[in-house]
Each structure stands twice: as C-alpha cells, then as structure tokens.
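Trainee: I would like to learn how to read a structure that is new to me. Could we go through it one feature at a time?

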Amino acid sequence: MITAPQLRAARSLLGIDQKTFATLAGVSLPTVQRMEASDGNVRGNIDTLIKVVEALDKAGIELIGDGARSDTGGRGVRLKNSEAL
C-alpha cells in the first residue's frame with residue numbers, strides 16, 4: 001500500500017511536479033491529483049496503483065511500510081508518528 005503523504009513526499013524528493021509524475025507513471029494528471037488528495041491509503045484501480053508504484057521504483061524511490069526496515073541503505077525520510085500532524 002502507498003499513502004497520499006508517501007506519494008507527495010516521493011514526488012517532492014524527485015523534484016518533479018504532478019504533471020511530470022503523471023507522464024512518468026503513464027496515468028492522467030487528475031488521477032495523480034486525486035491520489036495525492038486522498039486520506040490515508042491511496043485508492044484506485046489496481047493497474048493504476050501498480051503503474052504508480054513501478055514509476056516510483058524506477059525513479060529510485062523505496063516505499064517503506066509501517067514498522068518495516070530499509071536494508072538497502074541510502075538516506076531517507078520516515079514519518080515517526082502520524083498522529084503528530
């Protein structure tokens with residue numbers, strides 16, 4: 001699963017706007033806008049979600065789930081406590 005904050009943060013780390021990311025992922029701009037505006041986990045068609053996650057992976061983004069470790073090294077960002085927002 002990917003959350004809306006993860007998607008926004010990943011795009012920010014890449015330094016690209018929503019339109020550029022939509023092109024990279026092969027989805028429409030309104031789809032990216034809707035995904036980033038959602039609460040919690042991003043919802044959508046499974047094919048679209050796969051395209052988005054694969055585009056992030058190809059761009060060098062590692063998605064880290066709750067409580068998961070990142071053993072591949074490199075710098076990263078993680079939200080410690082979502083209730084802090």
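Trainee: How many salt bridges does the structure hold?

Mentor: Side chains of opposite charge can pair when their charged atoms come close. A salt bridge is counted when a side-chain nitrogen of Lys or Arg lies within 4 Å of a carboxyl oxygen of Asp or Glu, and the structure holds 1 salt bridge. It joins the side chains of R11 and E36, at 2.7 Å from N to O. The pair links distant parts of the chain, with R11 in helix α1 and E36 in helix α3, 25 residues apart.

Trainee: What should I know about the model and its numbering before going on?

Mentor: This is a predicted model, in which local features need pLDDT of at least 70 and side-chain atom pairs count only at pLDDT 80 or more, while totals for chains, interfaces and linings use all residues. Residues are numbered from 1 along each chain as its sequence is written, and side-chain values use heavy atoms, with hydrogens and water left out.

Trainee: Which pattern does the protein follow along the sequence?

Mentor: Helices (H or I, at least four residues) and strands (E, at least two) are taken as DSSP runs and numbered from the N terminus. The protein has 4 helices and 0 strands, and read along the sequence its pattern is α-α-α-α.

Trainee: Is E36 buried or exposed?

Mentor: Buried means under 20% relative accessible area and exposed means over 50%, with partly exposed in between, using a 1.4 Å probe and protein chains only. E36, which has its place in helix α3 (residues 29–37), is buried, with a relative accessible area of 6%. In the protein as a whole, buried residues make up 25% of the 85 residues.

Trainee: Which residues does E36 touch?

Mentor: Contact means heavy atoms within 4.5 Å. Leaving aside residues up to four places away in sequence, E36 touches A4, L7, R8, R11 and Q18.

Trainee: Where do the buried residues of a helix lie, taking α3 and α2 as cases?

Mentor: An α-helix has 3.6 residues a turn, so residues three or four places apart point the same way. The buried residues of α3 are T31, V32, M35 and E36. Seen down the axis of α3, they fall within an arc of 125° (taken from the directions from the helix axis to the C-beta atoms), so they line one face of the helix. These buried residues pack against α1, α2 and α4, whereas the face of α3 turned away from them carries the exposed residues R34 and A37.

In helix α2 (residues 18–25), F21, A22 and A25 are buried. Down the axis of α2 these residues fall within an arc of 105°, so they too line one face of the helix. Their cover includes α1 (4–14), α3 and α4 (46–58), and the face turned away from the buried side carries the exposed residues K19, T23 and L24. Just after α2, G26 takes a positive phi of about 75°.

Trainee: Which residues of the largest nonpolar core touch the most other members?

Mentor: A nonpolar core is a set of buried Ala, Val, Leu, Ile, Met, Phe, Trp, Tyr and Cys residues joined through side-chain atoms within 4.5 Å. Of the 17 residues in the largest one, L7, F21, A25, M35, V42, V52 and L56 touch the most other members. The elements that give two or more residues to this core are α1, α2, α3 and α4, and α4 gives the most, with 4 residues.
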